[in-house]
Amino acid sequence: MSERFTVRVTKDYLVFCSGHFITYHGDECERLHGHNYRVAAEVEGGLDDNHYVFDFIALKNIMRALTDELDHFMLVPTRNKLIAVEEQGTNIRLRFRDKEWVFPREDCALLPIENTTAELLARYLAGRLRDELRTKHRFEPDAVRMEVEESFGQVARYEWRP
């Protein structure tokens, strides 16, 4: 018999309000806008000596710190082939064809992703969670799942397994 255990957190404070825009159809760019994102995180693994997969409080604290890093920032994808990202002194300049945006650097979250879609935000957050679990808690999960809801009823889910 095989058993799997998971812990999942989704709290009212696991949210971030951010601005973004995405490229799509290979050559189009949507208008600058924002979302009130909600996040849920799930970790799968065996039980420890305390019969925990992972402590809920520690998981909530990690996720709160990760969502706080994105809250009230402009989300900037640094790996998008269509959007040029350039640091100019204390500003970030973004260019897509003839469109151009300039934001204060302190108001931007530069993310190593190709696009700021909910799917890639979920993958980014799952990776950050996995890194935190490994490095700070010496915990190697069997799986990590992340959900990012960009608006009510629109949820992207990402799952990582070794």
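View 1. Phenylalanine 21 is buried, at 2% relative accessibility (buried means under 20% relative accessible area, exposed over 50%, partly exposed in between; 1.4 Å probe, protein chains only). This is a predicted model, in which local features need pLDDT of at least 70, side-chain atom pairs count only at pLDDT 80 or more, and totals for chains, interfaces and linings use all residues. Residues are numbered from 1 along each chain as its sequence is written, and side-chain values use heavy atoms, with hydrogens and water left out. A search of the whole structure finds three aromatic pairs (rings of Phe, Tyr and Trp, the last by its six-membered ring, with centres within 6.5 Å; planes under 30 degrees apart are stacked, over 60 edge-to-face, the rest tilted). Another is the stacked pair of phenylalanine 21 and tryptophan 101, with 4.2 Å centre to centre and 25 degrees between the planes. Phenylalanine 21 sits in the loop between strand 2 and strand 3 (23-24), tryptophan 101 in strand 9 (residues 99-104), and 80 residues separate the two (helices are DSSP runs of H or I, at least four residues; strands are runs of E, at least two; both are numbered from the N terminus). Tryptophan 101 is buried too, with a relative accessible area of 14%.

**View 2. Phenylalanine 16 against tyrosine 37.** Phenylalanine 16 belongs to strand 2 (residues 15-20) and tyrosine 37 to strand 5 (residues 33-45), so the pair ties together parts 21 residues apart in sequence. Both phenylalanine 16 and tyrosine 37 are buried.

View 3. Aspartate 71 lies in the loop between helix 1 (56-68) and strand 6 (74-77). Its relative accessibility is 23%, so it counts as partly exposed. Neighbours within four places in sequence aside, aspartate 71 contacts Val15, Phe16, Cys17 and Ser18 (contact: heavy atoms within 4.5 Å). Threonine 67 lies in helix 1. Threonine 67 is buried, at 0% relative accessibility. Residues up to four places away not counted, threonine 67 touches Tyr13, Leu14, Val15, Phe16 and Val39.

**View 4. Arginines over aromatic rings.** The charged end of arginine 64 sits over the ring of tyrosine 13, 4.0 Å from its centre (NZ of Lys or CZ of Arg within 6 Å of the ring centre and within 35 degrees of the ring normal). Arginine 130 lies over the face of tryptophan 160, at 4.5 Å from the ring centre.

**View 5. Arginine 97 with aspartate 27.** The salt bridge count is 19 (a side-chain nitrogen of Lys or Arg within 4 Å of a carboxyl oxygen of Asp or Glu). In the bridge between arginine 97 and aspartate 27, the closest N and O atoms are 3.8 Å apart. Arginine 97 is exposed, at 61% relative accessible area. Aspartate 27 is partly exposed, at 37%.

**View 6. Glutamate 159 with arginine 145.** Their salt bridge has its closest N and O atoms 3.4 Å apart. Glutamate 159 is in strand 12 (residues 154-160) and arginine 145 in strand 11 (residues 143-151), so the pair ties together parts 14 residues apart in sequence. Glutamate 159 is partly exposed, at 39% relative accessible area, whereas arginine 145 is buried, at 8%. Both belong to a salt-bridge network whose members include Arg4, Glu42 and Arg157.
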